[in-house]
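Reader: Please walk me through this one. Plain answers will do.

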Amino acid sequence: MASFSTTVEVGAPAGRVWALVSDVPRMAGLFSYMAISDFTTLAPGHWQFQRELVLPALAPLRWVEQARVVVEGELCFTAVSGDLSRFLGLWLVVPEADGARLTLALEYDAPMNLAPGMPEIAVQYVIDQLFTSVCRHVKEAAEASAA
């Protein structure tokens with residue numbers, strides 16, 4: 001099992017960052033390598049959808065994911081079926097004096113066929129860079145909408 005966690009300072013109000021993070025279809029639209037489909041609202045603040053991730057040099061990944069608002073500023077997510085046997089984590093948005101602090105923390109198991117022939121540490125590095133990129137894109141999108 002691998003884990004990832006990063007926190008970034010965002011120069012936008014926490015409410016704006018939270019509005020972006022908790023809008024699952026809009027978040028997916030920030031990334032050309034990620035798509036969601038079959039989006040269903042299970043209850044207020046609780047969704048299920050099919051997610052697909054396609055990155056160069058890696059096998060495509062497809063899974064059904066659920067995301068749920070725990071409290072204002074905290075969104076947890078987990079894969080419930082598909083290519084990822086373990087994929088769970090959370091987004092956390094905390095107000096700061098000059099904006100917000102955004103945290104992404106998760107645990108995952110990458111499938112063995114994700115990158116045949118590539119050392120496991122290299123696969124984890126690529127995936128960690130992907131998650132770092134996701135946080136950077138969310139930061140940039142929130143700050144751009146604040147301008």
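**Fold and core**

Author: Starting at the N terminus, the elements run β-α-α-β-β-β-β-β-β-α. The radius of gyration (over C-alpha atoms) is 15 Å, close to the 15 Å from the globule rule for 147 residues, so the chain is as compact as a globular protein of that length. That rule is 2.2 Å times the number of residues to the power 0.38.

Reader: Where do the numbers come from?

Author: This is a predicted model, in which local features need pLDDT of at least 70 and side-chain atom pairs count only at pLDDT 80 or more, while totals for chains, interfaces and linings use all residues. Residues are numbered from 1 along each chain as its sequence is written, and side-chain values use heavy atoms, with hydrogens and water left out.

Reader: How many helices and strands are in the chain?

Author: The chain has three helices and seven strands. These are DSSP runs numbered from the N terminus: H or I over at least four residues for helices, E over at least two for strands.

Reader: What does the C-alpha trace span along its principal axes?

Author: About 45 × 30 × 25 Å. Buried residues make up 42% of the 147. Buried is under 20% relative accessible area, exposed over 50%, and partly exposed in between, with a 1.4 Å probe and protein chains only.

Reader: Which residues have the most contacts inside the largest nonpolar core?

Author: Val 17, Val 21, Phe 87, Trp 91, Leu 102, Phe 131 and Val 138, in a core of 45 residues. Helix H3, residues 120–146, gives the most to this core, with nine residues. A nonpolar core here is a set of buried Ala, Val, Leu, Ile, Met, Phe, Trp, Tyr and Cys residues joined through side-chain atoms within 4.5 Å.

Reader: What does Phe 131 touch?

Author: Leaving out residues up to four places away in sequence, Phe 131 touches Phe 4, Phe 87, Leu 104, Leu 106 and Tyr 108. Contact means heavy atoms within 4.5 Å.

Reader: On to rings. How many aromatic pairs does the count come to?

Author: Five. One of them is Tyr 108 with Phe 131, edge-to-face at 5.7 Å centre to centre and 65° between the planes. That pair links distant parts of the chain, with Tyr 108 in strand S7 (residues 99–109) and Phe 131 in helix H3, 23 residues apart. Rings of Phe, Tyr and Trp (its six-membered ring) pair if their centres lie within 6.5 Å; planes under 30 degrees apart are stacked, over 60 edge-to-face, the rest tilted.

Reader: Are Tyr 108 and Phe 131 buried or exposed?

Author: Both are buried. Ring pairs also join Phe 4, Tyr 108 and Phe 131 into a cluster.

Reader: How many salt bridges does a search of the whole structure find?

Author: Five, the criterion being a side-chain nitrogen of Lys or Arg within 4 Å of a carboxyl oxygen of Asp or Glu. Among them is Arg 51 with Glu 65, whose closest N and O atoms are 2.8 Å apart. Arg 51 is in strand S3 (residues 46–53) and Glu 65 in strand S4 (residues 61–71), 14 residues apart. Both residues are buried.

Reader: And Glu 107: which side chain does it meet in a salt bridge?

Author: Arg 86, at 2.3 Å, N to O. Glu 107 lies in strand S7 and Arg 86 in strand S6 (residues 86–96), 21 residues apart. Glu 107 is partly exposed at 26% relative accessible area, and Arg 86 is partly exposed at 29%.

Reader: Last topic: where does Asp 38 lie?

Author: In strand S2, residues 34–43. Asp 38 counts as exposed because its relative accessibility is 60%. Its phi is near 50°, a positive value in a residue other than glycine. Most residues other than glycine have a negative phi. Asp 38 touches Gln 48, Phe 49 and Gln 50, again not counting residues up to four places away in sequence.
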